[in-house]
Amino acid sequence: MQIRFLPIAILLLFMQVVNVQGQINPPFAWPDLNIVQVGERAYAFGGTDVEPYNFDIQTFIMPYWRCFSSTDLVHWEFESMLDPKDLYMGESDKCFAGHGIERNGKWYWYFSNFNKNTGVAIADSPRGPWKDALGTPLLPEELTDAHEYDNCVFIDDDGQAYMSFGNHKNKKINYYIVALNDDMVSLKEEPRKLEVIGDYSKGVIPVDASFIHKHGDYYYLSWRSPYAISKNIYGPYTYIGEASAKGHLGYFDFNNQNFVNYTALKEDMRRRYRFCSLAYVHYKKDGTIAPMEDIIAENGVGQFDANWPAIQAEWFMGMPDGPEKYEFKENQFVIRNLKNGDYLNFTNIRNMPYSAQIEFTYACDNINGGDIVVKAFNPNGPEIGRATFGTTGSWETYKTVIVPLNHTPEGQYSVSLVFDSSSERELIRIDSFRVLPLNK
């Protein structure tokens with residue numbers, strides 16, 4: 001066997017990045033987020049909980065909103081603050097949930113004035129400065145029989161923008177949806193009430209926090225963990241049940257991966273504030289949402305451990321257009337339709353041993369087979385390992401192949417799995433991989 005050593009320049013690059021620990025994602029005391037991808041960055045808009053001076057106060061103190069951004073959903077940079085003193089509502093400690101979005105080169109931040117009404121601020125950049133677009137509410141009080149707050153803005157495939165808002169009425173759904181004009185600061189129609197079919201009475205009461213997103217042919221209406229689906233954005237929606245994510249949440253896509261951000265409570269005798277967690281979302285064949293994995297609930301996304309029994313392929317943090325997640329068994333997913341040149345990114349794998357080996361579980365029904373190429377840091381990074389795989393006989397038959405890494409150091413770093421073949425057909429399906437020490 002030919003022994004290959006990493007060039008000194010690559011070893012120096014490893015020394016700069018290994019053992020860098022990622023911070024908890026996202027930043028603390030940052031509830032009620034929505035996250036959107038623009039270019040290569042994710043922009044997250046949320047509120048801010050501050051510790052009340054009076055520890056007897058049984059509520060959340062929310063004096064402003066904040067925007068952060070990230071390229072990996074782990075490391076976050078502050079972008080800007082939206083201060084209620086700069087808006088029609090004036091100074092407030094009730095800056096309830098809002099929603100930020102980009103449209104035609106402008107940025108719009110829809111904000112809730114307590115549970116009374118909704119306004120909108122506008123900027124040329126997520127860094128601000130933010131300006132009150134109207135000076136008055138976009139959704140004034142008594143526009144409907146609901147409370148006009150906790151908005152969600154969704155842009156459909158045809159470019160039409162919609163806003164949902166509202167709360168419950170006698171513990172029943174009282175959400176509304178309204179189309180926005182192209183200027184994003186005026187209503188195109190009268191709000192329409194959303195209807196949900198099915199018995200959701202035993203689940204989480206639909207207090208507020210409605211969220212609409214789309215995946216495939218279905219629109220999803222969520223109110224915290226419960227959700228309903230429809231093939232028409234105006235409904236009616238059919239109640240499905242509760243997803244694993246709790247609290248005020250939002251669904252989003254980033255680098256062709258599906259995610260949910262959800263708000264959790266951090267409370268003790270002295271503090272009352274919340275934080276946000278992220279998890280992967282896996283859609284089943286029937287459009288419903290698979291349960292969240294316990295290890296992801298504990299660790300979040302984009303951070304892995306070489307000591308885990310396995311790292312599932314569907315936990316990737318980036319892939320190109322074309323490949324897709326596929327449910328091949330109940331609540332078990334693989335990545336299929338991987339072709340020559342495609343890749344899967346896995347970021348921040350800690351506890352990597354020296355000269356690690358990676359064992360892949362895969363299926364291949366392509367007689368040409370190919371190579372799994374492991375690259376450091378990103379798909380264009382240096383090659384640190386390669387192994388050839390052949391057909392397993394069918395797309396339902398899974399085998400393993402081991403890729404030895406070339407004298408890579410201990411520590412934490414990211415890897416990209418790049419697939420190389422002379423064939424242009426589907427090449428391989430990846431179920432999972434595990435990291436092994438040298439010569440195991």
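Mentor: Residues are first sorted by class: Ala, Val, Leu, Ile, Met, Phe, Trp, Tyr, Cys and Pro are nonpolar, Asp, Glu, Lys and Arg are charged, and the others, Gly among them, are polar. The model is predicted: local features need pLDDT of at least 70 and side-chain atom pairs pLDDT 80 or more, whereas totals for chains, interfaces and linings use all residues. Residues are numbered from 1 along each chain as its sequence is written, and side-chain values use heavy atoms, with hydrogens and water left out.

Trainee: Which residues line the largest cavity?

Mentor: The lining consists of Ala243, Ser244, Ala245, Tyr251, Val260, Tyr280, Val281, His282, Ile289, Ala290, Pro291 and Met292. By class, 10 are nonpolar, 2 are polar and none is charged.

Trainee: What is the volume of the second largest cavity, and which residues of its lining are closest to its centre?

Mentor: Its volume is about 60 Å³. Of its 13 lining residues, Gly98, His99, Asn151, Phe211 and His248 are the closest to the centre. The lining of this second largest cavity has 5 nonpolar, 6 polar and 2 charged residues. Strands are DSSP runs of E with at least two residues, numbered from the N terminus. Strand 5 (95–103) and strand 14 (210–215) each supply at least two residues of this lining, and strand 5 gives the most, with 3 residues.

Trainee: What is the volume of the largest pocket?

Mentor: A pocket is an open set of grid points with protein on both sides within 12 Å along at least five of seven lines. The largest pocket has a volume of about 660 Å³. Of the 25 residues that line this pocket, Val36, Phe154, Ile155, Phe252 and Asp253 lie nearest its centre. Its lining has 13 nonpolar, 7 polar and 5 charged residues. Among the strands that each supply at least two lining residues are strand 1 (34–38), strand 9 (152–155) and strand 18 (249–254).

Trainee: Which residues of the largest nonpolar core touch the most other members?

Mentor: In soluble globular proteins, nonpolar side chains tend to be buried together. A nonpolar core joins buried Ala, Val, Leu, Ile, Met, Phe, Trp, Tyr and Cys residues through side-chain atoms within 4.5 Å. In the largest core, of 70 residues, Leu73 and Phe346 touch the most other members. A second, separate core of 19 residues includes Phe45, Trp65, Ala121 and Ala123.

Trainee: Is leucine 73 buried or exposed?

Mentor: Buried means under 20% relative accessible area, exposed over 50%, and partly exposed in between (1.4 Å probe, protein chains only). Leucine 73 counts as buried because its relative accessibility is 0%. Leucine 73 lies in the loop between strand 3 (65–70) and strand 4 (77–82), and has a positive phi of about 65 degrees although it is not a glycine. Asparagine 351, in strand 25 (residues 343–352), also is not a glycine and has a positive phi of about 60 degrees; at 41% relative accessibility, asparagine 351 counts as partly exposed.

Key:
1 Å grid on protein atoms, 1.4 Å probe; cavity = no way out; pocket = protein on both sides within 12 Å on 5 of 7 lines; lining within 4 Å. Points joined across faces, edges and corners; volume = space filled by probe spheres on them. Helix = DSSP H or I, 4+ residues; strand = E, 2+ residues; numbered from the N terminus.
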